[in-house]
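Dear colleague,

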Amino acid sequence: MAVLSLTEDLQRHGLRVAGVASPRVLAEGKTIGYRVRDLATGEERPLCLDRPPGIPFRRFFFSPEGLAFANDLIEQAAREAEVIVVDEVGPLELAGGGFAPGLRAARQSRAFLVLTVRPSLVNEVRRWAKVKTAVTLDAPPAGLRSRDETRQLFDGSASSYGSWGGSAGPLTGYAESLAKAAELVQVGPGERLLDIGIGTGSFAAQIAQSDTEVWGVDLSTVMLSRCREDHPGYHLREGHFLSLPVPDRAFHAVVSSFAFHHLVPAEYERAFREILRALVPGGGFVLLDVLFASEPDRQAARVALGDLWDDEEVYPLVPAVEAAASQAGAAGLVSHRVSPLHWVVSGMRPLRTVACGS
Ligand SMILES: C[S@@+](CC[C@H](N)C(=O)[O-])C[C@H]1O[C@@H](n2cnc3c(N)ncnc32)[C@H](O)[C@@H]1O
């Protein structure tokens with residue numbers, strides 16, 4: 001958790017840091033609640049779960065004891081600490097519940113406040129907390145899972161992956177989008193295809209011809225095992241977008257479906273550098289994902305999907321993805337919407353330009 005490493009850094013500099021972190025409770029890779037942790041001692045109590053008993057708020061039921069524990073800690077921090085950390089401040093606090101009582105005391109103290117806040121709520125929380133001077137750090141969006149949590153999520157859900165029925169949320173239209181995106185990729189006889197975040201192999205399988213050499217990279221070993229069962233001929237490797245375990249200039253096409261959004265924006269350019277490294281000059285990439293043309297579009301989708309929206313995922317904006325690809329050196333960038341929630345961004349590794357003398 002970013003909050004824990006930040007706290008350790010501040011403590012190393014000799015500052016008295018206190019407050020609370022909110023580690024997730026995971027079951028089969030899914031977040032089913034949160035605990036509250038005393039940053040000074042490491043002691044933890046249950047904070048909320050996705051089922052009663054407790055005080056209901058949105059999809060969670062909050063433990064009065066957990067809330068009291070957290071608020072006591074924040075109030076104590078307000079009396080004693082030089083830096084007060086509260087992770088995370090959100091809709092519950094804006095409605096006057098959750099950590100709001102502790103935060104009132106924290107605001108009145110002279111301590112430096114560090115709040116983690118979802119990007120969409122930063123301005124609202126600033127107004128609510130009446131913070132006069134605030135610095136917004138360019139940190140990973142608060143809602144995003146860590147790499148380990150993403151791996152756990154897919155390791156835990158691999159056995160049921162793909163059986164969403166009518167509740168696919170942001171993946172609504174998955175099969176149609178996959179088919180449309182697959183039409184944009186051409187691999188010739190005997191060529192190599194790389195699928196990043198290959199999962200169970202659905203995208204690669206729609207693109208590959210009988211003689212295509214398919215390679216797949218994924219963070220989750222369990223997803224890769226499922227893929228191996230269905231596609232024993234694929235070359236599968238555990239790995240990450242940012243350091244692909246594949247040779248340079250080896251692939252005629254690199255594709256990815258519904259995996260790029262697990263990166264944070266600061267990682268996009270590095271991911272494209274890796275994609276371009278793996279491609280032969282003139283080779284192309286096709287990236288399909290839940291993407292939005294603008295922040296208002298993203299917020300409108302969030303409202304429309306209601307409880308089906310996943311607040312732990314921060315779906316990228318098309319201009320940010322294009323800018324990163326271009327910065328990394330991609331050519332021929334084209335983006336288009338393939339369904340209400342899905343876009344494809346495609347491009348290529350430029351062919352070497354040859355200077356012609358007269
Ligand atoms: C929603 S699934 C999509 C799987 C498949 N591409 C499909 O369309 O069905 C996302 C996949 O990306 C993988 N993944 C997530 N973050 C990753 C990363 N940073 N690098 C590589 N794979 C990642 C997950 O383990 C998971 O298998």
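The notes below cover the ligand site, one aspartate and several backbone features.

This is a predicted model, in which local features need pLDDT of at least 70 and side-chain atom pairs count only at pLDDT 80 or more, whereas totals for chains, interfaces and linings use all residues. Residues are numbered from 1 along each chain as its sequence is written, and side-chain values use heavy atoms, with hydrogens and water left out.

An N or O atom in the side chain of Tyr174 is 2.5 Å from an oxygen atom of the ligand. A ligand nitrogen atom lies 2.8 Å from a backbone N or O atom of Gly197, and a nitrogen atom of the ligand is 3.0 Å from an N or O atom in the side chain of His240. Of the 590 Å² of accessible area that the ligand has on its own, the protein covers 98% (Shrake-Rupley method, 1.4 Å probe).

Asp218 belongs to strand β10, residues 213-218 (strands are DSSP runs of E, at least two residues, and helices runs of H or I, at least four, numbered from the N terminus). Asp218 is buried (under 20% relative accessible area, with exposed meaning over 50% and partly exposed in between; 1.4 Å probe, protein chains only). Asp218 has no salt bridge (a side-chain nitrogen of Lys or Arg within 4 Å of a carboxyl oxygen of Asp or Glu). The nearest side chain of opposite charge, Arg151, is 7.8 Å away (Lys and Arg count as positive, Asp and Glu as negative; His and the chain ends are not counted). The Asp218 side chain does reach two backbone nitrogens, that of Ser220 at 2.8 Å and that of Ile198 at 3.3 Å.

Most residues other than glycine have a negative phi, and most peptide bonds are trans. The peptide bond from Pro52 to Pro53 is cis, with omega near 5 degrees; Pro53 is in the loop between β4 and β5. The bond from Asp87 to Glu88 is likewise cis, with omega near 0 degrees, and Glu88 is found in strand β7. Arg58, although not a glycine, has a positive phi of about 50 degrees; Arg58 is exposed, at 62% relative accessible area. Arg249, also not a glycine, has a positive phi of about 45 degrees and is partly exposed, at 44%.

With kind regards

Definitions and conventions. A polar contact is a pair of N or O atoms within 3.5 Å; within protein, one must be able to donate a hydrogen and the other to accept it, and residues adjacent in sequence count only if both atoms are side-chain atoms.
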